[in-house]
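Visitor: Hi! Could you walk me through this one while I have it open on my screen?

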Amino acid sequence: TKTRKSMSKRARAASLRIERANKVAAEKPQMKLGMRTKSALEILLKSKRLAEVMRAVTTLEVSTRLSEKCCVAFAQAKAPGILYALIRTCNRSLPHMELLHLVLETLTNVAKHSYLIRSVATTKSVEVLIDLVQMFRDKDNIFCLAISLLELIVFAVDDCMIRCASRENLKRLKGIHSLSLRKIDMARKTESGRRKSVGVN
């Protein structure tokens, strides 16, 4: 019948459009990444479920690592502010530390592009990162990522340097520095003692 023929034509046309879209996506993987980036940001704004948030941040880390265009989209969407707010909700539990690691890697991926550093250097960035450095000074992976990102934005953005140099923040950073020096000294003494023990045996 005419109706069936009409439906058949529409179905074939739709099938061809899908086939063409898939072909374009395969030839231009950044398009897939772009869509995933957008979807991940929407999840972060709406979801409170840790598993969903973890998947979304994993997507953002991958897309910003592989695609400069995704970094630009990330910055234009003001996503750094969303991630800094997410950091504020995290604690020292293992799942949250895994999430923090991904968040810091994502922000670092974007900040590696000099013209995008300002998007990562939000008004909250210095305080959030110093909080992380202080809270996770005994967790090397998070500590190193946070201090490296802080260094990137502080030396690139004058306002961040001023915030970092405030009396309160300098006091906190000096305290962290002193603790780190003691930790290094203890590690050296432990290693020296171990070597002496091995030599005696």
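Visitor: What share of the contacts with a separation of 6 or more comes from residues 24 or more positions apart?
Guide: In this predicted model, residues 24 or more positions apart account for 68% of those contacts in the protein chain.

Visitor: And how many helices and strands are there?
Guide: The protein chain has 11 helices and zero strands. Reading along the sequence, you get α-α-α-α-α-α-α-α-α-α-α.

Visitor: How much of the chain is buried?
Guide: Of the 201 residues in the protein chain, 34% are buried. The chain exposes about 13,200 Å², and carbon and sulfur atoms supply 57% of that area.

Visitor: Let's go inside. Which residues touch the most other members of the largest nonpolar core?
Guide: Those are L44, L107, L129, L149 and I153, in a core of 51 residues.

Visitor: Which helix gives the largest share of this core?
Guide: That would be α6, with nine residues.

Visitor: Pick one of those residues for me. What does L129 touch?
Guide: Leaving out residues up to four places away in sequence, L129 touches Y84, L104, A146, L149, L150 and I153.

Visitor: Changing topic: charges. How many salt bridges does the structure hold?
Guide: It holds five. In one of them, the side chains of D131 and R88 meet, at 2.4 Å from N to O. D131 lies in helix α8 (residues 125-135) and R88 in helix α5 (residues 79-88), so this pair ties together parts that are 43 residues apart in sequence.

Visitor: Why would side chains like that pair up at all?
Guide: As a general point, side chains of opposite charge can pair when their charged atoms come close.

Visitor: Which other residue forms a salt bridge with D131?
Guide: R172 does, and the closest N and O atoms of that pair are 2.3 Å apart. This one also links distant parts of the chain: D131 is in helix α8 and R172 in helix α11 (residues 167-200), 41 residues apart. Put together, R88, D131 and R172 are linked in a network of salt bridges.

Visitor: Which residue does R92 meet in a salt bridge?
Guide: Its partner is D138, at 2.9 Å from N to O. R92 lies in the loop between α5 and α6, while D138 lies in the loop between α8 and α9, so the pair ties together parts that are 46 residues apart in sequence. R92 is partly exposed, with a relative accessible area of 36%, and D138 is partly exposed too, at 42%.

Visitor: A loop residue, then. Buried or exposed?
Guide: V157 is buried, with a relative accessible area of 3%.

Visitor: What does V157 touch?
Guide: Not counting residues up to four places away in sequence, V157 touches I117, R118 and A121. For R118, the C-alpha atom is separated from that of V157 by 6.9 Å, although the two residues are 39 residues apart along the chain.

Note on methods
Residues are numbered from 1 along each chain as its sequence is written. This is a predicted model: local features need pLDDT of at least 70, side-chain atom pairs count only at pLDDT 80 or more; totals for chains, interfaces and linings use all residues. Side-chain values use heavy atoms; hydrogens and water are left out. Helices (H or I, at least four residues) and strands (E, at least two) are DSSP runs, numbered from the N terminus. Buried means under 20% relative accessible area, exposed over 50%, partly exposed in between (1.4 Å probe, protein chains only). Contact means heavy atoms within 4.5 Å. Accessible areas come from the Shrake-Rupley method with a 1.4 Å probe; for residues, only the protein chains shown count as cover. A salt bridge is a side-chain nitrogen of Lys or Arg within 4 Å of a carboxyl oxygen of Asp or Glu. A nonpolar core is a set of buried Ala, Val, Leu, Ile, Met, Phe, Trp, Tyr and Cys residues joined through side-chain atoms within 4.5 Å.
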